[in-house]
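Here are my notes for you to read alongside the structure. Have it open, and look for each residue as we come to it.

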Amino acid sequence: MEEDDVPAVATESQPEEELEAAAEESKHEEESKASEEAVAEESKHEEESKASEEAVAEESKHEEESKASEEAVAEESKHEEESKASEEAVAEESKHEEESKASEEAVAEESKVPDEAVSGESKPEEEFRASEEAVNFLTSIEPEELQKCVFSESLLVMSDCGGVLGEFSMSVELTHRALEPCVILHARSHGAIDGSPCGTSVTAYLTADLEVLEEDYHEYVKLDSYNVEKKWHMAQRDEQMVINKITAMGEDVTEEECVSYPMSVLRGLVTEGSSMLLMRLMALRKKVPKNMVFIILDRSLHITQTTFRELAAKKIKVHGETVEVFGLERMVCSADGDHSTWHSYFLNNGYLASRKQVGSPVTMKVIHELSKKDRGRMKVPLVWQEDMQLYSLYLDNKDFLKAEHNSYLREHPELRALLSDFLQDLLIVKPDNIFQFAREYFPPYSTYHSPRSSLKTASP
């Protein structure tokens, strides 16, 4: 019984050890499996992290590509805007060119002068140039021709109704300026329009080729309420032409302006004075070259152009005799678009027969013609108040005499005392006969008679 019991115990204890071993092995397997799962989980997390980083990188790449695309679009849009602005600028410039061309064509059609005679108000000053034909004409003037222009003339200013409104006179003489020979031209017109006195005076010093050395221009209109005067003086200084302009209106308003231009810009310049002498020369030649375009300064002192052309010959009556006259047209352009045209007719000897502004009711007509021996002897009526040079001399002489008289009064204070006493007694007595009172008042001062009076009294 006991032997049978021992194996049974051994048999029972062996399975327990096997169970424990199996359990241990199972535990190890579970731990190994858990470890593998943990590793697999960690690997999975790493893969997910890597995928996330790749997604972020991909997203960043997309953002950069999107930004670059936006910049490209913006750059393209900028180019389109610049292209559009350039096209608009070209269109605007083309529009201005078309308007300028249309304006020039309209002015040329209106004035009926050659296309070379520029008269469009849109042209800038630097584009105004005298033609080569005009410059060559000035340089071709001979001294003998200029000598034939030295004479004086006078015309009546008349209305279309035949009424006399005033007078126009012009004289040309040879003189010297700064020891250099030159020509002096003096032209003056005066009269009344609608009862208001008005006039113009021009004095110009010119070289043999009509280059302006100095010129004074004076224009005035006297109205009921106030006077309007325009004066300007132009002279060459250091290779420049300096122009001083004064506009006076009434007693209180005065405007002054000074401009200067280099002489290189003023090639072919004619002024109010030189243009009158220029037309005399053309009339004596009885021929006007084509394209006679000169530059001139308008009333605002802006550079513009003036043109001359020959008119068809016609016949007029002078003192009952029908004579043929030579016609000239002068058109003066202005920067503000206001153009004026003058028609002048000359006799064979260069004297002016008539002068008229187109559209004006006023005409200048010849009074009489002087013979050759009377040239330069014609007396021009002297109205010194309207002559700038004579009026300046009057003011200078007036100031000199005033200063001289004041000096004499300061040196002889007894004169003021004597006159003061006489006036005081005169006002106190109040005599009816002032001259008799003066004769009775001054005898006590007879001892102060002048030496001439003393000699006259002492003579037998």
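1. Two strands pair if DSSP finds at least two bridges between them. Helices (H or I, at least four residues) and strands (E, at least two) are DSSP runs, numbered from the N terminus. This is a predicted model, in which local features need pLDDT of at least 70 and side-chain atom pairs count only at pLDDT 80 or more, while totals for chains, interfaces and linings use all residues. Residues are numbered from 1 along each chain as its sequence is written, and side-chain values use heavy atoms, leaving out hydrogens and water.

2. Strand 3 (residues 180-193) and strand 4 (residues 196-206) run antiparallel, joined by 11 bridges. Within strand 4, Val202 stands opposite Ala187. The hairpin of these strands has 2 residues between them, and Asp194 takes a positive phi near 55° there.

3. Strand 4 also pairs with strand 5 (residues 212-222), again in the antiparallel sense, over 9 bridges. Here Thr200 stands opposite Glu219 of strand 5. This hairpin has 5 residues between its strands, and Leu210 in the turn has a positive phi of about 65°. How much of strand 4 is buried? The count is 9 of its 11 residues, where buried means under 20% relative accessible area, exposed over 50% and partly exposed in between (1.4 Å probe, protein chains only).

4. A nonpolar core is a set of buried Ala, Val, Leu, Ile, Met, Phe, Trp, Tyr and Cys residues joined through side-chain atoms within 4.5 Å. The largest one here has 53 residues, and Leu210 is among those with the most contacts inside it, as are Ile243 and Phe294. Helix 4 (residues 272-285) gives the most to this core, with 7 residues. Apart from it lies another core, of 9 residues, including Leu311 and Tyr351. Not counting residues up to four places away in sequence, Leu210 touches Leu138, Ile141, Leu146, Ser274, Leu277, Leu278 and Leu281 (contact means heavy atoms within 4.5 Å).

5. Now follow helix 4 itself. Of its 14 residues, 11 are buried, so the helix is largely enclosed by the rest of the structure. Among the buried ones are Gly273, Arg280 and Ala283. Just after helix 4, Lys286 takes a positive phi of about 55°.

6. Finally, the rings. Rings of Phe, Tyr and Trp (its six-membered ring) pair if their centres lie within 6.5 Å; planes under 30 degrees apart count as stacked, over 60 as edge-to-face and the rest as tilted. The whole structure has 8 aromatic pairs. Tyr217 and Trp232 are stacked, at 4.7 Å centre to centre with 20° between the planes. Tyr217 sits in strand 5 and Trp232 in strand 6 (residues 227-237), 15 residues apart, and both are buried. The pair of Phe422 and Phe442 is tilted, because the planes lie at 35°, with the ring centres 5.1 Å apart. Phe422 is buried at 12% relative accessible area, whereas Phe442 is partly exposed at 32%. Ring pairs also link Phe422 and Phe442 with Phe437 and Tyr441 into a cluster.
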